[in-house]
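Dear colleague,

I am handing over the structure below, and I would be grateful if you could look through it alongside the notes that follow.

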Amino acid sequence: MRDEAPRTLTAICSALQEQIEHGLLPHGGKLPAERKLSELFNTTRITLREALGQLEAQGLIYREERRGWFVSPPRLAYNPLVRSHFHAMVAGQGRTPATEVLGARLIPASVEICELLELPALSSVYQIRRARRIDGRLVLYVEHYLNPAYFPGIIDEDLTQSLTELYDSRYGIRYGRVRFDMVPTALHPEAAAPLKVSAGSPALKITRINRDQHGRLIDCDLEFWRHDAIHVSVEVPE
């Protein structure tokens with residue numbers, strides 16, 4: 001009996017993985033309810049959820065709060081060496097991007113943001129919070145922090161568009177040198193809620209610190225990607 005649960009766990013993972021790989025469970029498709037799956041595999045909900053958790057860790061399926069389990073779409077290739085922006089990167093890979101603005105305001109800069117942007121104590125910054133989708137699926141929560149000295153009035157603009165293009169068209173500012181820091185993390189509640197996942201879910205945090213064409217520190221982005229949404233692919237030029 002002690003060996004039964006591990007064997008059942010392996011059988012569930014193998015069966016679902018095989019059906020996903022052969023397209024019987026299509027990308028983006030919803031899996032049957034946990035009750036039906038547990039009946040299908042003649043197992044307990046505890047064993048089933050453990051199997052689903054393993055497949056989620058592999059990036060094969062994902063869960064949305066109050067909606068259920070879905071088959072993960074193909075990952076987006078993310079190359080930090082390519083100068084692009086979210087909408088162009090997604091569209092360039094034949095996918096459909098979308099952006100939702102969650103909030104935009106002037107706030108006191110935290111210690112972290114002061115350090116990233118090399119601002120003095122008690123500085124103010126523009127904070128823009130956005131959620132981003134690929135083919136309708138929520139994949140990215142991002143917080144942008146802008147030095148207001150360079151972007152007067154920007155929070156009154158249409159912030160669903162590319163900030164890269166808005167910077168250029170309205171302020172004549174283009175990105176110069178960019179620094180990336182990438183670390184695996186767990187989603188904090190403010191990031192988890194817009195992505196419709198549980199707080200503590202795995203994610204990839206990408207911090208971008210951006211200078212303009214004159215070398216000035218102008219903004220930084222804190223990106224929280226669903227862990228199964230992207231893969232980082234870098235080809236170093238000769």
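The UniProt record, in an unreviewed entry, places the feature "domain: HTH gntR-type" at residues 6-74; UniProt positions are given in the numbering used here, feature names are shortened, and annotations may be inferred rather than shown by experiment. Over residues 6-74 the chain is 52% helix and 12% strand, with the end C-alpha atoms 29 Å apart, where helices (H or I, at least four residues) and strands (E, at least two) are DSSP runs numbered from the N terminus.

Please keep in mind that this is a predicted model, in which local features need pLDDT of at least 70 and side-chain atom pairs count only at pLDDT 80 or more, while totals for chains, interfaces and linings use all residues. Residues are numbered from 1 along each chain as its sequence is written, and side-chain values use heavy atoms, with hydrogens and water left out.

Threonine 8 lies in helix H1 (residues 4-21) and is buried, with a relative accessible area of 17%; buried means under 20% relative accessible area, exposed over 50%, and partly exposed in between (1.4 Å probe, protein chains only). Not counting residues up to four places away in sequence, threonine 8 touches Phe41, Thr43 and Thr47, contact being heavy atoms within 4.5 Å.

Thr47 is also one of the buried residues of helix H3, together with Leu48, Ala51, Leu52 and Leu55. Seen down the axis of H3, these buried residues fall within an arc of 135°, so they line one face of the helix; the arc is that of the directions from the helix axis to the C-beta atoms. On the other side of H3, Ile46 and Ala57 are exposed. Helix H3 (residues 45-57) has 13 residues and reaches 18 Å from its first C-alpha to its last, close to the 18 Å expected at 1.5 Å a residue, the expected span being 1.5 Å times one less than the number of residues. After H3 comes glycine 59, whose phi is positive, near 85°.

Turning to the aromatic residues, a search of the whole structure finds eight aromatic pairs. Rings of Phe, Tyr and Trp (its six-membered ring) pair if their centres lie within 6.5 Å, and planes under 30 degrees apart count as stacked, over 60 as edge-to-face and the rest as tilted. Tyrosine 78 and tryptophan 225 form an edge-to-face pair, 5.7 Å centre to centre with 90° between the planes. This pair links distant parts of the chain, since tyrosine 78 is in strand E3 (residues 76-78) and tryptophan 225 in strand E9 (residues 217-226), 147 residues apart. Tyrosine 78 is buried, with a relative accessible area of 5%, and tryptophan 225 is buried at 1%.

Phenylalanine 151 and tyrosine 171 form another edge-to-face pair, 5.4 Å centre to centre with 90° between the planes. Phenylalanine 151 lies in the loop between strand E6 (137-146) and helix H6 (163-171), and tyrosine 171 in helix H6, so the pair ties together parts that are 20 residues apart in sequence.

With kind regards
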